[in-house]
Amino acid sequence: MLMARLTVGVALAAMFLAPLAALADQPGATQTEMTLDKIKRTGAITLGVRESSYPLSYALEGGRFVGYHVDVCNRVVEAVKAKLALPRLEVRHVAVTSANRIASTLAGTIDLECGSTTNNTERQAQVAFAPTTFVSAVRVAVKKDSGVKNLGQLRGASVATTKRSTSIQLLGARQPGGGTPMRELFGEDHLQSFALLESGQAQAFVMDDNLLAGLIAMSADPQGYELVGPSMSIEPIAIMLRRNDPAFKAVVDGTVKALMKSGDLEKLYVQWFQSPIPPKGVNLNLPMTGLLRQQILYPSDDPAESFRTPE
């Protein structure tokens with residue numbers, strides 16, 4: 001009789017554990033509870049923010065985080081409050097980097113990543129993305145007095161980028177064969193990467209054009225830098241969240257699509273890309289691209305591989 005009970009117990013345990021094992025085997029799955037359940041239980045939502053991803057997500061003095069994608073995430077927070085009937089919801093901010101943003105999302109350390117992350121096929125195997133809310137192009141920034149006017153001149157040069165970004169590989173693919181290869185230097189965040197260019201340790205900094213424009217505008221000598229060479233890639237940028245969480249993704253996607261349909265997303269764009277922004281009151285003067293207008297008309301979370309690189 002005891003053996004029979006043990007056998008039944010083992011069978012029941014297997015029945016309950018099998019679904020959990022299957023979930024753990026899915027790419028990007030975690031053993032954390034569903035996001036909306038966690039938010040309701042804790043009364044808090046955690047936003048992953050960046051310290052120098054101008055003007056998408058960046059820090060001001062005093063530890064306040066602002067930016068285009070921070071504002072989009074704030075709208076998601078309001079939607080979550082309405083969904084869960086929570087009149088009060090604590091909003092926590094955790095600074096993440098290119099190197100730890102995906103790990104922080106998977107671990108449940110952050111609920112939304114409100115930064116400057118490219119949606120691509122490799123990342124979609126680990127995390128999910130909201131519909132695209134910004135489209136950037138990968139470019140190269142140099143000092144105007146460097147003499148560098150094209151990408152071929154960077155052969156053998158020291159080139160900076162930020163850890164775990166995809167930009168340096170794109171530049172490497174554009175370099176002619178033979179000669180001395182580029183020397184790659186990596187900053188922990190975009191500000192540190194720009195400092196490598198600013199100090200002369202790097203002859204160039206390769207990154208998304210809007211981030212380069214923001215860093216240059218916020219620098220001590222905005223007139224001392226320029227972007228050279230053609231665009232090397234089109235990058236759809238979006239809010240990042242955990243995979244296999246359809247209820248939370250529905251709230252996030254619904255919020256973004258509502259912003260697009262109402263015209264509020266375009267207003268946020270004008271506020272952050274075509275108007276004076278803190279802390280210096282500079283205007284980046286970056287008009288909305290046709291590709292982003294298309295994404296607003298036809299929202300999608302398609303990866304970068306579905307975008308054609310311009311000739």
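Colleague: Where does R164 lie?

Modeller: In a loop. R164 sits between strand 9 (158–162) and helix 6 (167–173). Keep in mind that this is a predicted model.

Colleague: And what is phi of R164 near?

Modeller: Near 70°. That is a positive value, and R164 is not a glycine.

Colleague: Is R164 buried or exposed?

Modeller: Exposed. Its relative accessibility is 59%, and the cut-off for exposed is over 50%.

Colleague: Which loop holds N244?

Modeller: The one that runs from strand 14 (240–242) to helix 9 (246–262).

Colleague: How much relative accessible area does N244 have?

Modeller: 27%, so N244 counts as partly exposed. Under 20% would be buried, over 50% exposed.

Colleague: Switching to peptide bonds. What is omega from Y54 to P55?

Modeller: Near -15°. The Y54 to P55 bond is cis.

Colleague: Where is P55 found?

Modeller: In the loop joining strand 2 (52–53) and strand 3 (57–59).

Colleague: Now P278 to P279. What is omega there?

Modeller: Near 5°, and that peptide bond is cis.

Terms used: Residues are numbered from 1 along each chain as its sequence is written. This is a predicted model: local features need pLDDT of at least 70, side-chain atom pairs count only at pLDDT 80 or more; totals for chains, interfaces and linings use all residues. Side-chain values use heavy atoms; hydrogens and water are left out. Helices (H or I, at least four residues) and strands (E, at least two) are DSSP runs, numbered from the N terminus. Buried means under 20% relative accessible area, exposed over 50%, partly exposed in between (1.4 Å probe, protein chains only).
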